[in-house]
Amino acid sequence: MHSLVWEAPRLMHLREQPQPIPQPHEALVRVTYVGICGSELSGYLGHNALRVPPLVMGHEFAGELVALGPAAAAARPDLALGGLVTANPLTYCGECLWCRRGANQLCANRQLIGAHRPGAYAQYVTAPVNVITALPAGLSARTGALTEPAAVAVRIGELAGSVSAEAALILGAGPIGLLALQVLHHLGAGPVFIADLDPERLAMGAALGGQALDPRAANVPQVVRAATGGLGVVVALDAVGAAVTRAQCVSATRTGGLVILSGLHEETSAMPAAEIIRREITVRGSFAYTPANFAAALALLAQNKLTLDPWIVEAPLADGGHWFDRLVDAPGNVSKVLLIP
Ligand SMILES: [Zn+2]
Ligand SMILES: [Zn+2]
């Protein structure tokens, strides 16, 4: 089969590899669409300790279920060969303290498809059957491939808590920022401010109903405070992960409010700790999604409540390296690249 193999920083090649054979508890999926994730861009540049070359990345995928190992078939009589499926790419043990609490994304034994094991930048991929989900009737594989990033946004919305009629702020109009914007709107939040340095990304945020703020033209926390009676937003999401955006989120949040950190651009950064203390701001991380969040994301996509259109680009798997370079250097008017093996 064809696989897109990441071989060194900024180097990817289409290679011939043997088609994987599913283990007894695994499913084999013929990939029809697979997205490029922001975390894979840092991996591509060699900035990510989780990803070591040579590696087939790719964890946002949907496709056709073509085979099940014997134990997998016994465990999941609900899955039909030939049907469309997607996978929660963060595999989990189901037995540790966190799994028993339903927080499988924090599993002590978790593995990411496309990092710890071969991913979906290939014609076929295997996954443990317990992370496979059939797509609801009528949902295309193209939309199904958005379930993973949509689930990240659903988790953020869950952690945001009660936001009905409350102001919110999102820093970063990449796919997670754009999806979180729609989730917060769905939960009744408004206005939702959104900021991004890239004018084309910011325009996507505006087109999806966000109050667009250009950080080059305005001091974002000042504008947000002025627009909320001097208070600031109830919840601010950092979907970038830079020191400056993390600090801006604190500054734009009302006293007693919540800052959610999701972006992973910088491993560590200084935070305005005294302000966090004196204004009792809660700062918390949001990582991936629970199985319940994943199911909720699938339902929202099936109801057309979440979209990244009309800015999705479809490209052949062989052009993946070009699109990695493009997304790293100047993403422009692209919300998500979906590769087609
Ligand atoms: Zn992802
Ligand atoms: Zn576990």
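Visitor: Which residue takes a positive phi just after α11?

Guide: That residue is Asn304, with a phi of about 60°. Helices here are DSSP runs of H or I with at least four residues, and strands are E runs of at least two, both numbered from the N terminus. This is a predicted model, in which local features need pLDDT of at least 70 and side-chain atom pairs count only at pLDDT 80 or more, while totals for chains, interfaces and linings use all residues. Residues are numbered from 1 along each chain as its sequence is written, with chains lettered from A and ligands numbered from 1 in the order in which they are written.

Visitor: How many residues does α11 have, and what does α11 reach from its first C-alpha to its last?

Guide: A helix has an expected span of 1.5 Å times one less than its number of residues. Helix α11 runs over residues 291-302, twelve residues in total, and reaches 17 Å, close to the expected 16 Å.

Visitor: With which residues is Ala150 in contact, beyond its neighbours within four places in sequence?

Guide: Contact means C-beta atoms, placed from the backbone, within 7 Å. Ala150 has Leu179, Ala297, Leu300, Leu301 and Leu306 as such partners.

Visitor: Which members of the largest nonpolar core touch the most other members?

Guide: In soluble globular proteins, nonpolar side chains tend to be buried together. A core here joins buried Ala, Val, Leu, Ile, Met, Phe, Trp, Tyr and Cys through C-beta atoms within 7 Å. Among the 103 residues of the largest one, Ala150, Ala168, Leu169, Ile170, Ala180 and Val235 touch the most others. Domain 1 (2-146 + 308-340) and domain 2 (153-285) each supply at least three residues to this core.

Visitor: How many Å separate the centres of the two domains?

Guide: Domain bounds come from an automatic or database assignment. Over C-alpha atoms, the centres of domain 1 and domain 2 are 28 Å apart. Their contact takes nine residues from domain 1 and eight from domain 2.

Visitor: And what about the whole chain?

Guide: The chain has twelve helices and 17 strands, and buried residues make up 49% of its 341 residues. Its C-alpha atoms fill a box of roughly 60 × 40 × 35 Å along the principal axes.

Methods:
A residue is buried if 20 or more other C-beta atoms lie within 10 Å of its own, exposed if 12 or fewer, and partly exposed in between; C-beta atoms are placed from the backbone. Two residues are in contact if their C-beta atoms, placed from the backbone, lie within 7 Å.
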